[in-house]
Amino acid sequence: AFQRGASTSNAIARLESVSSFDEFAIFIENDPRLEVKVENELDFYKNQASGVSGIINSFGYLVAIIMAIGSIFAALNSMYSAVSTRLVEIGTLRAVGFRGSSILAALMIESMILALMGGLLGAGLAYVIFNGYTVSTLAGGTFSQTSFDFAVTGEIIMQGLILALVVGFIGGFLPALNAARQNITDALRAL
């Protein structure tokens with residue numbers, strides 16, 4: 001309408017009712033003098049934020065995966081250490097008749113409980129520190145700003161706890177399997 005080349009402008013119209021939006025959009029878009037796209041304000045802001053939020057979501061998942069891999073190695077290290085300090089006890093349990101599967105199950109339960117406690121601690125800290133926290137970004141060139149309100153919801157806490165349990169399972173399985181396969185006499189000699 002203003003013949004400014006490739007630049008764009010926004011115009012906001014306040015309608016009497018939501019039901020009149022479709023009629024208004026058809027009227028404006030069919031006007032041959034105008035080259036416009038009519039959309040409601042909610043859709044406009046969703047489209048504006050979709051590119052930025054997609055990048056932020058992808059970055060968040062990448063960081064979560066990297067941290068989960070690091071956590072698996074930490075869990076492996078902790079569980080191998082716990083198993084090595086209790087070889088005599090494990091050997092004694094095996095000598096009095098406990099099967100390797102019982103040892104495996106006991107150590108896996110321990111690993112999963114530790115992972116769940118760590119996940120609950122992390123969820124609690126995340127809720128206290130980040131719930132309701134607002135961050136904004138400034139888009140280069142357009143000087144438009146997108147803000148994000150962090151909300152630590154039940155769904156996010158559940159995802160975090162499931163991830164913690166997966167890390168605990170993976171990090172505890174190999175040390176528990178190693179302990180379950182330990183030779184009884186070698187374990188008892190570890191004094």
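Helix axes are lines fitted to C-alpha atoms over the stretch in contact, and the angle between two of them runs from 0 to 180 degrees between N-to-C directions. Keep that in mind for the helix pair described below.

The model is predicted. Start with the overall layout. The protein chain holds six helices and two strands. Read from the N terminus, its elements run α-α-α-α-β-β-α-α. Of the 191 residues in the protein chain, 19% are buried.

Now take two of the helices. Two packed helices are described by the angle between their axes and the distance between the axes. Helix H4 covers residues 100-130, and helix H5 covers residues 154-180. Their axes come within 7 Å and cross at roughly 150 degrees. That makes H4 roughly antiparallel to H5, because angles over 145 degrees count as roughly antiparallel. The crossing in which H4 passes H5 is right-handed.

Which helix gives the most to the nonpolar patch? Helix H5 does, with seven residues. The reason is the cut-off: exposed means over 50%, buried means under 20%, and partly exposed lies in between.

Next come the charges. Side chains of opposite charge can pair when their charged atoms come close. How many salt bridges does the structure hold? It holds two.

One joins Glu110 and Arg86, with the closest N and O atoms 2.8 Å apart. Glu110 lies in helix H4, while Arg86 sits in the loop between helix H2 (41-85) and helix H3 (87-95), so the pair ties together parts that are 24 residues apart in sequence. Glu110 is partly exposed, at 24% relative accessibility. Arg86 is partly exposed too, with a relative accessible area of 28%.

Another salt bridge links the side chains of Lys37 and Glu39, at 3.9 Å from N to O. Is Lys37 buried or exposed? Lys37 is exposed, with a relative accessible area of 63%. Glu39, its partner, is partly exposed at 26%.

Helix H4 thus links two parts of this account: H4 runs roughly antiparallel to H5, and H4 carries Glu110, the partner of Arg86.

Note on methods. Residues are numbered from 1 along each chain as its sequence is written. This is a predicted model: local features need pLDDT of at least 70, side-chain atom pairs count only at pLDDT 80 or more; totals for chains, interfaces and linings use all residues. Side-chain values use heavy atoms; hydrogens and water are left out. Helices (H or I, at least four residues) and strands (E, at least two) are DSSP runs, numbered from the N terminus. Angles under 35 degrees count as roughly parallel, over 145 as roughly antiparallel, 65 to 115 as roughly perpendicular and the rest as oblique. A crossing is left-handed if the near helix is turned anticlockwise from the far one by less than a right angle, and right-handed if clockwise. A salt bridge is a side-chain nitrogen of Lys or Arg within 4 Å of a carboxyl oxygen of Asp or Glu. Buried means under 20% relative accessible area, exposed over 50%, partly exposed in between (1.4 Å probe, protein chains only).
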